[in-house]
Amino acid sequence: GWTINWQGRSSDDFFTPPGTTVLQAARNVESWTVTHSCGVSILGETCKDGADANPAAIKSADFIFIGVGEESYTEKPGDIRDLRLAEGQIAFVQSVRATATGKIILVYFGGRPRVLQNLPEIADAIFIAFLPGPDGGQAVIDLITGMHNPSGRLPVTYPKYPDGGGSPYFSAVSDQCTKGDGTLPHYENEKCEVQWK
């Protein structure tokens, strides 16, 4: 959001030293051989650089890191009507899972929890990075490699459904949601199911 400029910066011009992406930090791990390809854009569209995911590289990799999330935003440009990730991101991770024999590690970047749909069931690990700052890439790799222990709790209750049920927002709200799958009768309540607490 508010990073140097109103809608954030797409370059490291204002930072000394420049920031570190997950890819740059991973390439600095001595025992790792790192390849990279672009799957889909953060909006779920085909990548513009034309470097599609390489099925042979995916199949032979011990670990596959996939960044998912949302673009930089602040104020009104950040308003959304649906907490779900872009469908193209979900489909991409599913296609990688169908090919991969190694572990899939997702890294979520965004300013708010976005519903991950079935990704927790098909990923082997998920790091919630939110907006980690210029050296967020190094921090992610330090956690993944065990240089630092990710023993902290999430700062928010992470929603499981687009209605955000069970996730408080600025004040205490009911933790009760409609019981069952929404079929009638729907006057019975139960504790909201959330992704993570």
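A salt bridge here is a side-chain nitrogen of Lys or Arg within 4 Å of a carboxyl oxygen of Asp or Glu. I keep in mind that this is a predicted model.

**Entry 1: Arg-97 and Asp-124**

I looked up this pair with that cut-off in hand. Arg-97 forms a salt bridge with Asp-124, and their closest N and O atoms sit 3.1 Å apart. I noted that the pair links distant parts of the chain, with Arg-97 in helix 3 and Asp-124 in the loop between helix 4 and strand 3 (125–130), 27 residues apart. Arg-97 is partly exposed at 24% relative accessible area. Asp-124 also counts as partly exposed, with 41%.

**Entry 2: the other bridges**

I got a count of 5 salt bridges. One of them joins Glu-70 to Arg-112, with the closest N and O atoms 3.1 Å apart. Glu-70 is in the loop between strand 1 and helix 3, and Arg-112 is in the loop between strand 2 and helix 4, so this pair ties together parts 42 residues apart in sequence. Buried or exposed, I wondered, is Glu-70? Glu-70 counts as buried, because its relative accessibility is 9% and the cut-off for buried is under 20%. Arg-112 is buried too, at 18%. I also found Glu-70, Arg-112 and Arg-114 linked in a network of salt bridges.

Then I checked Asp-82, which forms a salt bridge with Arg-84; the closest N and O atoms there are 2.5 Å apart. Asp-82 is partly exposed at 28%, and Arg-84 is partly exposed at 37%.

**Entry 3: the nonpolar cores**

Which residues have the most contacts inside the largest nonpolar core? I find Ile-66, Val-96, Ile-104 and Leu-119, in a core of 19 residues. Strand 1 (63–69), helix 3 (87–99), strand 2 (103–109) and helix 4 (119–122) each give at least two residues to this core. Helix 3 has the largest share, 4 residues. Leaving aside residues up to four places away in sequence, Leu-119 touches Leu-85, Ile-90, Val-93, Leu-106 and Ile-126. Apart from this core lies another, of 10 residues, including Ala-25, Ile-105, Val-107 and Val-140.

**Entry 4: His-148**

I located His-148 in the loop between helix 5 (136–144) and strand 4 (158–159). His-148 counts as partly exposed, with 48% relative accessibility. Not counting residues up to four places away in sequence, His-148 touches Asp-142 and Leu-143.

**Entry 5: the whole chain**

I count 5 helices and 7 strands. Of the 197 residues, 30% are buried. The chain exposes about 12,600 Å², and carbon and sulfur atoms supply 53% of that.

Notes. Residues are numbered from 1 along each chain as its sequence is written. This is a predicted model: local features need pLDDT of at least 70, side-chain atom pairs count only at pLDDT 80 or more; totals for chains, interfaces and linings use all residues. Side-chain values use heavy atoms; hydrogens and water are left out. Buried means under 20% relative accessible area, exposed over 50%, partly exposed in between (1.4 Å probe, protein chains only). Accessible areas come from the Shrake-Rupley method with a 1.4 Å probe; for residues, only the protein chains shown count as cover. Contact means heavy atoms within 4.5 Å. A nonpolar core is a set of buried Ala, Val, Leu, Ile, Met, Phe, Trp, Tyr and Cys residues joined through side-chain atoms within 4.5 Å.
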